[in-house]
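Q: Let us go through this model and ask what stands behind each term used for it.
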Amino acid sequence: SGLRLQDVNFKRDPALTKVRTHALLYTPELELEGFYQMDGEGSGAWSWVGASSISSEGAQKFSIKMSKVRITCELHVDLVEGCNRPESAVVTKINFPLEYGRVAFNFDNIGTVLGTVVDVVGRIVIDSQKEALVTIIREGIRRESPGLICDFWKEYISHPLEIHSQLRHQDDEWNEILNRENTDLYRDRLAEQTVEKVFRESILSHLNNVSSLVRKTLDPLPMFPLEFNFHNDVYRAGVTVCDVYLHNMKSIQNMEMILVRDKSLQYSAL
């Protein structure tokens, strides 16, 4: 309950092919507890100190208490060459570096001999849990949107894709909006592909599932209250619209997304 967010960073590269997210969490105390079981035989120096047989005598409780804990959450998404595609948005890194001030290990019935190296055993437990957490997150992403996880890929070298090198869009108003900007504009293909993959592979399947919580949340979709002033030659009025809902989201079958940015990322058009 004492875990709090201290810092969040979100970075893009000039070619708009990489996303780097970095979140720092802090808690004054963190405790890891569970059960362990150890069985083995000592060898070499261990047998000389009376540890020819090593056993915890069944499952035993353990706890690891850490103070002043800083957890860094790192997530990288890149446009790469892989997954049988020349250009694909995939998750390339998930990591949770862990820093702490003090740590106390408590392993029941570990014995006096192994008690001298309990910190080694404890740190192995901590590292294994970090790896398990990364695996859980990767498999969760793979289950919901398998196209975002690619086991074999190589870095994709590309320059930003200028919008003027693309064919004009069929929406004339959209073309007019982009033409107002007196600067070079670029397609954000990484963002486009990421959102489209999540929609096709995850959201669309939920929308087609009657019992899905996502479908129940999105259809009907509550909208923000709307306020505006209206006037004509006869009268004027202030209009307030409340309890607005968007219905029939479940009927959506496809989505095409175009996201345009400038080099400074100060301008975006969707």
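Q: What makes up the accessible surface of the chain in this predicted model?
A: The surface comes to about 18,100 Å². Carbon and sulfur atoms account for 53% of that area.

Q: What share of the chain is called buried, and why?
A: Buried residues are 31% of the 270 in the chain. They are called buried because their relative accessible area is under 20%.

Q: How do you know what sequence separation the contacts span?
A: Take contacts between residues at least 6 apart in sequence. Of these, 66% join residues at least 24 apart.

Q: What makes the largest nonpolar core a core?
A: This core has 24 residues. They count as a core because they are buried nonpolar residues joined through side-chain atoms within 4.5 Å. Phe 62, Ile 64, Val 91, Phe 105, Phe 107 and Leu 190 have the most contacts inside it. Strands β2, β5, β6 and β8 and helix α3 each supply at least two residues. β5 gives the most, with 7.

Q: Which residues does Phe 107 touch, leaving out those up to four places away in sequence?
A: Phe 107 touches Tyr 36, Lys 61, Phe 62, Val 118, Val 121, Gly 122 and Val 125.

Q: Where is α5 kinked, and by how much?
A: The kink is centred on Phe 199 and is about 40°. Phe 199 is also one of the buried residues of α5.

Q: How do you know how the reach of α5 compares with the expected span?
A: Helix α5 has 19 residues, 189-207. First C-alpha to last is 25 Å, close to the expected 27 Å.

Technical notes. Residues are numbered from 1 along each chain as its sequence is written. This is a predicted model: local features need pLDDT of at least 70, side-chain atom pairs count only at pLDDT 80 or more; totals for chains, interfaces and linings use all residues. Side-chain values use heavy atoms; hydrogens and water are left out. Helices (H or I, at least four residues) and strands (E, at least two) are DSSP runs, numbered from the N terminus. The expected span of a helix is 1.5 Å times one less than its number of residues. The bend at a residue is the angle between axes fitted to the seven residues ending there and the seven starting there. Buried means under 20% relative accessible area, exposed over 50%, partly exposed in between (1.4 Å probe, protein chains only). Contact means heavy atoms within 4.5 Å. Accessible areas come from the Shrake-Rupley method with a 1.4 Å probe; for residues, only the protein chains shown count as cover.
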